[in-house]
Every structure is written in C-alpha cells, then in structure tokens.
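Welcome! Please take a moment to look over the chain below and turn it around before reading on. The notes after it will guide you from one spot to the next.

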Amino acid sequence: MKKIYLYTINVLLATLFFGSCSGDYDSFLDPVKYTGSPSSVSNITSEALPGQILLRWDVPADSNYYFVRVKYYDHLKKEDVTKILSVYTDSLLISGTRAKYGDYDFTFQSFNAKNEGGEIKSIKARSGVAPIQETIETIKLNLTVDQLSSNAADSEEGQLSHLVDNNVATFFHTDWHGVVPPPHYLDVHLAEPISDFIVYFQNRQWSQACAKTVDIMISNDGDEWQTLTTINAGLPTGGAAEYTSQIFRAPISFTYLRWYVRETSDGTVYWNMAEFGLYKVIISTYDPEAE
C-alpha cells in the first residue's frame with residue numbers, strides 16, 4: 001500500500017506541474033524553440049579609434065531575442081561583412097578601418113530562434129586615422145682597420161685593428177704619453193653613404209679612462225664636419241661593459257663619422273675601448289591612409 005500511495009502522489013504532482021506550464025515549459029527547457037517577436041537593440045553609438053570603430057548599444061530589458069546580426073561593408077577588403085552576436089553582447093570593435101573612407105554604414109537586426117528578424121536599426125560611423133606603420137631593419141657594417149683613423153693613436157697601444165677584431169682582451173688606446181693635446185677622436189670612413197645608424201662599443205676588460213661625453217660628428221669629405229648629437233649620459237664605465245645607442249637620424253647622408261671624446265670617466269685626456277661598431281638602419285614607413 002505504501003508504494004501505491006507514493007506512486008499516486010507523484011502522478012498527481014506531475015500532472016499539476018505540466019498542466020500549469022503547458023507550452024512555456026518547452027521554452028524553458030529548450031530556448032531554441034522560443035518564437036516570440038524579437039526586440040531591437042537601442043541607443044547605438046560609435047567611437048572613432050585609430051584604425052578602428054567601436055560600436056556600443058543597449059540590450060533591451062526583456063532580452064527576448066536569440067542573436068543580433070550586424071552588417072557593414074569593409075572598404076579595405078572590398079567585401080560585405082556579417083557579425084553574429086549573442087544577446088549578452090553590447091559592443092563590437094571593428095578593426096582595419098580607415099578615416100579616408102568616410103562613413104561606414106552599419107545595420108543591426110535581432111532574430112529569434114526561428115531566424116525571424118525584428119526591426120532593422122542603422123547607424124553611420126567613422127573611423128579614426130590609422131597610424132603610420134614603421135619597420136626598422138639593422139645591418140651591421142663590416143668595418144675594417146683601413147677605414148679607421150685617429151688623431152691621437154698611442155705609440156704603444158694605439159692599434160686600431162683591435163677595435164674590429166672581436167676580442168675584448170685587446171683594446172685601442174689614445175695617446176697617454178702626453179704628446180697629443182685634447183681632444184682625442186676616432187674617424188670612420190664609410191664604404192657607402194648612410195643617414196640612419198646605431199653606434200656600438202665595448203670597454204676594455206678593466207674600467208679605466210672610459211668615454212663619458214662624446215660628440216658624434218658627420219662629414220662627406222673628411223674636412224668639414226658638423227655635430228649631429230652629443231652623448232653626455234648613459235655611457236658605461238664598467239670593465240668590458242657594452243653600449244648600444246639609440247637610432248641616430250642624420251638630416252643628410254654622410255660618408256665620414258667622428259667619435260669625438262670630450263670627457264672621460266677619469267677626467268683624463270686619453271681614452272680607450274676594446275671594440276667599436278656601426279649599424280646601418282633602414283626605416284620604412286607605410287601610411288594606411290594614403291590613397
């Protein structure tokens with residue numbers, strides 16, 4: 001009798017539950033079967049970003065649509081684009097846009113689970129200016145000793161070949177015997193004209209008479225020089241320390257470079273270093289907004 005009683009109660013409860021829910025219960029279990037009229041998104045706005053458009057909108061309080069379809073024409077790819085977004089989405093970032101194309105036309109339409117569409121909403125939006133793209137290539141110049149000269153090579157330790165032998169144990173030293181007055185400098189005669197470049201050097205193995213303030217000078221004949229820049233901070237003084245400069249961009253191409261040491265870490269007239277090098281820099285630019 002107990003089993004029969006429990007079975008009867010369960011049947012009655014199930015009958016009451018299903019009878020009260022009727023068709024709505026099917027929708028609750030399986031939202032794909034929902035066929036109500038889809039509401040529309042509202043308050044659509046746009047924001048112009050660099051090479052992008054940001055769209056925002058308000059999701060209706062009832063949120064009774066199944067998905068939103070956003071359509072627009074991609075001027076860059078020359079094709080129509082369709083984005084399918086869920087009911088939980090309230091923004092869309094469109095990349096690869098250009099200010100030069102003017103207005104972009106966007107349409108928004110919500111759909112129910114049976115793919116029945118609601119009201120179509122439209123908005124015109126503009127992109128921010130896409131930033132100029134820059135690529136940088138560095139090429140190490142294979143300097144040889146015959147391209148190097150100095151006004152003050154020391155009679156005993158002034159071997160210029162030591163600057164390009166890839167050996168930190170050897171070094172070049174300017175005159176420390178007091179024969180050549182300051183300033184002491186190193187000249188490089190380039191095999192080809194350059195304008196954008198990077199300077200590299202390495203100190204000798206122990207810290208002594210390192211360059212502290214340096215003028216970088218350029219010329220096209222080795223006689224008339226102009227100062228391109230002065231480095232007065234950040235040069236290393238530690239033994240075997242390495243230095244790689246920023247990219248220097250000369251207003252003209254040149255074939256001679258002078259490393260003109262004005263001050264050393266020890267306050268001496270002379271200076272020394274183990275390695276010296278130059279990198280040619282090739283900078284290419286692309287303007288996405290150019291016609």
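Here is a short tour of some cores, rings, strands and loops.

Keep in mind that this is a predicted model. Its largest nonpolar core has 30 residues, and the structure holds 13 aromatic pairs.

**The nonpolar cores**

- Start with the largest nonpolar core, where F197, W259, F276 and L278 are the residues with the most contacts inside it.
- At least two residues of this core come from each of strand 11, strand 12 (211-219), strand 15 and strand 17 (275-286).
- Which strand gives the most to this core? The answer is strand 11, with seven residues.
- Apart from this core lies another one, of 19 residues, and V68, Y104, F106 and I123 are among them.

**F197 and its surroundings**

- F197 has a relative accessibility of 0%, so it counts as buried; the cut-off for that word is under 20%.
- Setting aside residues up to four places away in sequence, F197 touches I216, L228, Q246, I247, F248, F254, L257, L278, Y279 and V281.

- Of the 13 aromatic pairs in the structure, one to look up is F172 with W271, an edge-to-face pair with 5.7 Å centre to centre and 65° between the planes.
- This pair links distant parts of the chain, 99 residues apart: F172 is in strand 10 (residues 172-173), while W271 is in the loop between strand 15 (248-264) and strand 16 (272-273).
- Are F172 and W271 buried or exposed? Both of them are buried.
- F197 and F248 form a tilted aromatic pair, with 5.5 Å centre to centre and 45° between the planes.
- Because F197 lies in strand 11 (residues 184-202) and F248 in strand 15, their pair ties together parts that are 51 residues apart in sequence.
- F248 is buried as well, since its relative accessible area is 6%.

**An arginine over two rings**

- Find R258 next: its charged end sits over the ring of Y185, 3.8 Å from the ring centre.
- R258 also lies over the face of W225, where the distance to the ring centre is 4.1 Å.

**Strands and a hairpin**

- Strand 6 (residues 103-111) and strand 7 (residues 117-126) pair in the antiparallel sense, over eight bridges.
- F111 stands opposite G117, which belongs to strand 7.
- How many residues lie between the strands in the hairpin of strand 6 and strand 7? There are five, and N115 takes a positive phi near 65° in this hairpin.
- L49 is found in strand 1 (residues 42-49).
- Neighbours within four places in sequence aside, L49 is in contact with L54, L93, S127 and G128.
- From C-alpha to C-alpha, L49 and R98 are 9.8 Å apart in space, and they are 49 residues apart in sequence.

- T170 lies in the loop between strand 9 (148-150) and strand 10.
- With a relative accessibility of 17%, T170 counts as buried, because the cut-off is under 20%.
- The side chain of T170 makes a polar contact with the side chain of D165, at 2.6 Å.
- That T170 side chain also reaches the backbone oxygen of N167, at 3.0 Å.
- Leaving out neighbours within four places in sequence, T170 is in contact with H162, D165 and A274.

**Backbone details in the loops**

- P182 and P183 are joined by a cis peptide bond, with omega about 0°. You will find P183 in the loop between strand 10 and strand 11.
- A209 has a positive phi, near 50°, in a residue other than glycine. It sits in the loop between strand 11 and strand 12, and at 0% relative accessibility A209 counts as buried.
- A240 is not a glycine, although its phi is positive at about 65°. Its place is in the loop between strand 13 (226-231) and strand 14 (242-244).
- Is A240 buried or partly exposed? At 27% relative accessibility, A240 counts as partly exposed.

Terms used: Residues numbered from 1 in each chain as written. Predicted model: local features only at pLDDT ≥ 70, side-chain atom pairs only at ≥ 80, totals over all residues. Heavy atoms only, no water. Helix = DSSP H or I, 4+ residues; strand = E, 2+ residues; numbered from the N terminus. Contact = heavy atoms within 4.5 Å. Phe/Tyr/Trp six-rings, centres within 6.5 Å; stacked < 30°, edge-to-face > 60°. Buried < 20%, exposed > 50% of the residue type's maximum accessible area, 1.4 Å probe, protein only. Lys NZ or Arg CZ within 6 Å of the ring centre and 35° of its normal. Pairing = 2+ DSSP bridges. Core = buried A, V, L, I, M, F, W, Y, C linked by side-chain atoms within 4.5 Å. Polar contact = N/O pair within 3.5 Å; in protein donor to acceptor, adjacent residues only side chain to side chain.
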